[in-house]
Amino acid sequence: MTHTVELTEMWQAQIRQGPCTDAFHQGIPAHADDLEADGDRWPEFVPLALAAGYGSAHAVPLIARSKAIGALNLLARRPTSLGEGETHLLRALADVTTTALMTWEKDGLRAEDIATRTQSVLSGKAAFDTTTGMLAATADITPAQAARHLIAFADRHHHRPTEIAAEIVQRRIAPEAVLGDLP
């Protein structure tokens with residue numbers, strides 16, 4: 001059975017058709033609850049998937065820094081639609097997969113690497129918390145509202161919130177710039 005999954009994945013890549021390919025290129029989930037009904041959608045992929053014994057296929061993109069870096073496929077032997085809980089679970093699995101791919105290191109982590117990363121995360125959290133306090137005091141809003149402003153500003157400028165927070169703490173970006181950037 002594992003080989004049919006690998007072959008199905010390989011077919012999608014080779015013929016550039018199927019839910020995994022669509023999810024990757026479009027950056028949104030692709031679902032085929034019943035592959036037999038999707039023959040027009042993917043005329044080359046569907047017969048191959050059916051021959052491999054699959055009745056449905058679902059795929060979600062692996063998103064890193066607002067870009068699709070791959071896609072995660074879920075193949076089922078019978079036609080299967082996903083409920084809301086299953087859809088959330090598939091998205092969570094895709095997010096974990098993305099994180100694993102983005103942080104994977106061939107040689108593994110040394111104890112000092114873990115300590116350095118932990119310190120980096122703590123520093124980022126401290127800068128984020130300090131910045132939300134600065135924004136909240138500047139605009140007379142709650143820290144939660146300030147955090148939303150910071151995250152929205154970072155998203156619009158394609159940076160991580162902790163990067164923007166560090167810039168604000170170091171006085172390279174004025175709090176008003178973050179607060180004034182919203183409509």
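Just after helix α6, His158 takes a positive phi of about 55 degrees, where helices (H or I, at least four residues) and strands (E, at least two) are DSSP runs, numbered from the N terminus. The model is predicted, so local features need pLDDT of at least 70 and side-chain atom pairs count only at pLDDT 80 or more, while totals for chains, interfaces and linings use all residues. Residues are numbered from 1 along each chain as its sequence is written, and side-chain values use heavy atoms, with hydrogens and water left out.

Helix α6 itself covers residues 143-156, and its 14 residues reach 20 Å from the first C-alpha to the last, close to the 20 Å expected at 1.5 Å a residue, a span defined as 1.5 Å times one less than the number of residues. Its buried residues are Ala146, Ala147, Leu150, Phe153 and Ala154, buried meaning under 20% relative accessible area with a 1.4 Å probe and protein chains only. Seen down the axis of α6, these residues fall within an arc of 130 degrees, so they line one face of the helix; the arc is that of the directions from the helix axis to the C-beta atoms.

Turning to the strands, eight of the nine residues of β2 (residues 56-64) are buried, so this strand is largely enclosed by the rest of the structure. Strand β1 (residues 30-32) pairs with β2 in the antiparallel sense over three bridges, pairing requiring that DSSP finds at least two bridges between two strands, and Ala32 stands opposite Ala57 in β2. Strand β3 (residues 67-76) also runs antiparallel to β2, joined to it by nine bridges, with Ala59 opposite Asn73 in β3. β2 and β3 form a hairpin with two residues between them, and Arg65 in the turn has a positive phi of about 50 degrees.

Terms used:
Buried means under 20% relative accessible area, exposed over 50%, partly exposed in between (1.4 Å probe, protein chains only).
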